[in-house]
Amino acid sequence: MRIPTRGVGLRLAFACAVLAQIRGAAAQSVEPAPSPPRAPSVERMLEGNLLTEDQKRDARLRFGAWTESDLHDPGARARVALVTGDFAHDSLASPEADILDRAEGAAQRGDLDQALELLAGQSSTRALRLRAEALERLGRFDDADAALEPLIARMASRSIDDADELAEGVRALMVRNRLRGPGRAGQAGADFEALMSLLGRAKNDLDRLSWYARLVEAEVLLDKDNPDDASAALAEVLALNPRCARAWRLLGDMAVASFDFDRAEAIALRLDELAEQGPDAPALRARAALRRRDTGLAAQLLDAALERYPRHRELLALQAATAAVRFDNERAAELLGAFDALNGADSPEALLTVGTALSEARQYADAADHLERAAARQPTLARPWIELGLLEMQSGRDVRAGDALTKAIALDPFNVRARNSLALVEQIAAYAEIESEHFIVRYKPGIDAVLAAEMPAVLEAFYADITGPSMFDHEPATRTVIEVMPDHASFAVRITGMPQIHTMAAATGPVIAMETPRSGPGHKAGPYDWARTVRHEFIHTVTLSRTNNRIPHWFTEAAAVWGENGPIPTDWWVLLSRAYQADELFDMDTISLRFVRPLKPTDRTQAYAQGHWMYRYMAERYGVRAPLELMDLYAQGRSEREAMIAVLKTEPEQFFDDFKAWARAELVAVGMLLPEGVPTAPSLLNGDPTEATLEDVQTALAEHPDHPDLLQLAVQLSLRATGGEPTPEIAGLLDRYARARPVDPLPRRLLARLALAGAMDDAPDRAIEHLEFLDAHEMRSPAYALALAERYALAGRMDDAWAKARRATLIAPFDAPTREQAARIALLRGDLSGAERELVALTELEPDRDLHKRRLDALRAKLGG
């Protein structure tokens, strides 16, 4: 427990200096979040002539439009302090302030016993709500429930005709709902629909300008995990009262939940403006820091804020969560004990905060322990069961997830994430399974069986490579579950609990979920190279296992891309070249953040590309074991800085500087950057290259024959002269450009077209060379693989033809023409078993085509003979 004693003045001054420094640093790049336009009805009220001066003053106080002259008494200042979140303001201790304002200020500071003393003898709706909330937070659940009895009768009688008081009643009913479990269903408080009906009456019938009713509406919606509708309600709140700190704080929490950290910081700056010494801004920043795994910043923020608010429950709970995510278990236990000493041993608040933070950090076992303890303390509270159910889904323990989510929905049947997730768990329980030595493939019975049957052989083929000493030298302790989700919504719910997500596969540790590679309604991914994609995700499983889920985001993505063993996509080279030349490569403090919260549409792609680039640099300079040694230190809970200093003998900043020097040489080697001393194309052409003629470019090329920019321009001008069609006359130029800039697919595509048209002397071999390049870079279309299969078959290279036919079916496993070509090549190769597999797939894909069945029967007759 942190109770300031001697030296508090010095510590508080230091804390203020820390917070000021953090705000100053943030202000360099982020502006405070702007308020929405004020509601016209409020503007007319404040500017019109219908109200007396006293009434206008009251209206200004109510709608957040006060001026300093309106705050001439402690009562007004106390009202303002509560609205702006300045809970330590002197006015909230003044006897001249409203006793309920003083009680609420005490409760918000964490002085719950003081709040209860002030509430003694008070019987208003607000007083009953405050008393019940304070008793609940102290773990005195039966007392809290009893405190609400007078209010329940009042609410049932519909005798409340004030909008804000009715909203207070709804907040009280939310407490009642948390206190009463299904065993007392007959006495339970109002359900979600009833609460929303009451709030509808408050804001639509009783007072259309009640921002407080809309604020409570947002709280109800967020409690049900409905952020979209909650955001709309909060926008209405701020249009009526732009100084409502609670509304800003809820928006900030939603920003953190969606990894929108710049938005969260903008809101924190707005909260700073409202209450420079309030607890909401540091709490919001600490939550954002925890979500980014920046536990050092989180601890610094919380220590500073707790100097001013030593009993603030959220700050204390976040302090314990920070210690837990830092893997300082002894300190976390100490802080949890201090929290219990302050609140009584029955409050679940700190355990829930710690468990949720550990779950976000993928420390599933420890998270489950804390969440189960939180649920045991308040069995009627749905939130621990919701978080536990989502955690168990992430960790692949679906039976336990189903049990937890069933309990959650029994307590809160209107929670969107819990309902979505339980429905999916029940759906997955009916999935079929195929087991191999190291994998379990789950799929929905039906057409996805075609893909699932082919997966184990592919998965086992890359298992030994990935887990062996030449790559990650680690085997997960359990078999990895691959779940083939039948549509995008199911996949998204599997990963996030909500039906939208912007990817086609994801690993959560021992479970890899993937959207089936099909086109059509309900599908976002379409055909894709699922084998390479799942290889990437399985590397996540391996590195998360090796590090106990303690690995920087950029590093696990970099390792996964490196382990794909595929070529760097062309658009990545373009992004990296531009970022390098503009000095916009992400530094070590930024790169992980850009995966989850990009500022530009290209940021996430750049983070993948640059992360892989840095991993490759690390492996080349320090050896392939160096990244593994870093992982082992991450597993021990060491920070990235500590690990890099220990293994690489350099600090992150120096590593980044050295990497940039290496990166320049890489860009020069692939023709994306000119070597030192080589003049640029504009300087060689004496002006704008777009105005140069082909003759001008050829003259410049005579002096600089390998200049990639000049060669690119020569190709463009030559194609302009031929209407965009390649001709044999420019084949040599295309060859030169392909050698000067080997990562550009353009000359390869054009040379392949010439070769396939027979316009080159060594057409078959040249076509294959360029098609191989294009196919290696292709993730979504089987076209190049099919073309290669055909060319190899014509050349009598049947093993190569079959390999390419199989690759085509991996990218488009549900495409019947692709399967037919694969079957034909298998037959040409004399591989009757391979042909049988393709024909079986065709009978599943096109069950109404009797031709497939006849061919399959004839083939099986041959096999039987």
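A salt bridge is a side-chain nitrogen of Lys or Arg within 4 Å of a carboxyl oxygen of Asp or Glu. Lys 224 and Asp 223 make one here, at 3.4 Å from N to O. The model is a predicted one, in which local features need pLDDT of at least 70 and side-chain atom pairs count only at pLDDT 80 or more, while totals for chains, interfaces and linings use all residues. Residues are numbered from 1 along each chain as its sequence is written, and side-chain values use heavy atoms, with hydrogens and water left out.

Go back to that first pair. How far is each partner covered? Buried means under 20% relative accessible area, exposed means over 50%, and partly exposed lies in between (1.4 Å probe, protein chains only). Lys 224 is buried because its relative accessible area is 10%. Asp 223 has 31%, so Asp 223 is partly exposed.

By the salt-bridge rule, the count comes to 83. Take Glu 372 and Arg 400, whose closest N and O atoms are 2.8 Å apart. Glu 372 lies in helix 21 (residues 364-377) and Arg 400 in helix 23 (residues 398-411), so the pair ties together parts that are 28 residues apart in sequence. Helices (H or I, at least four residues) and strands (E, at least two) are DSSP runs, numbered from the N terminus. Glu 372 is partly exposed, at 33% relative accessible area. Arg 400 is partly exposed as well, at 38%.

Glu 769 and Arg 766 form a salt bridge, with the closest N and O atoms 3.4 Å apart. Both lie in helix 40 (residues 763-776), three residues apart, which is about one turn of the helix. Glu 769 is partly exposed, with a relative accessible area of 38%, whereas Arg 766 is buried at 13%. Salt bridges can also share partners. One network of this kind joins Asp 101, Glu 104, Arg 126, Arg 129, Glu 133, Glu 168, Arg 171, Glu 219 and Arg 246.

Turn to the strands. Two strands pair if DSSP finds at least two bridges between them. Strand 5 pairs with strand 3 (residues 480-485) in the parallel sense, over five bridges. There, Val 484 stands opposite Met 514. Strand 4 (residues 505-507) runs antiparallel to strand 5, and three bridges join them. Met 514 is also the bridge partner of Ala 505. Strands 4 and 5 form a hairpin with three residues between the strands, and Gly 509 in this hairpin takes a positive phi near 120 degrees.

Next come the cores. A nonpolar core is a set of buried Ala, Val, Leu, Ile, Met, Phe, Trp, Tyr and Cys residues joined through side-chain atoms within 4.5 Å. The largest one has 80 residues, and those with the most contacts inside it include Trp 211, Trp 248 and Leu 271. Helix 10 (residues 163-179) gives the most to this core, with nine residues. Apart from it lies another core, of 79 residues, among them Ile 512, Trp 530, Val 534 and Ala 609.

Rings of Phe, Tyr and Trp (its six-membered ring) pair if their centres lie within 6.5 Å; planes under 30 degrees apart count as stacked, over 60 as edge-to-face and the rest as tilted. The structure holds 23 such pairs. Phe 472 and Trp 562 have ring centres 5.8 Å apart and planes at 85 degrees, so the pair is edge-to-face. Phe 472 lies in the loop between helix 25 (449-467) and strand 3, and Trp 562 in helix 28 (residues 553-564), so the pair ties together parts that are 90 residues apart in sequence. Phe 472 is buried, at 1% relative accessibility. Trp 562 is buried at 16%. The rings of Tyr 617 and Phe 655 have centres 5.4 Å apart and planes at 55 degrees, so this pair is tilted. Both residues, Tyr 617 and Phe 655, are buried.
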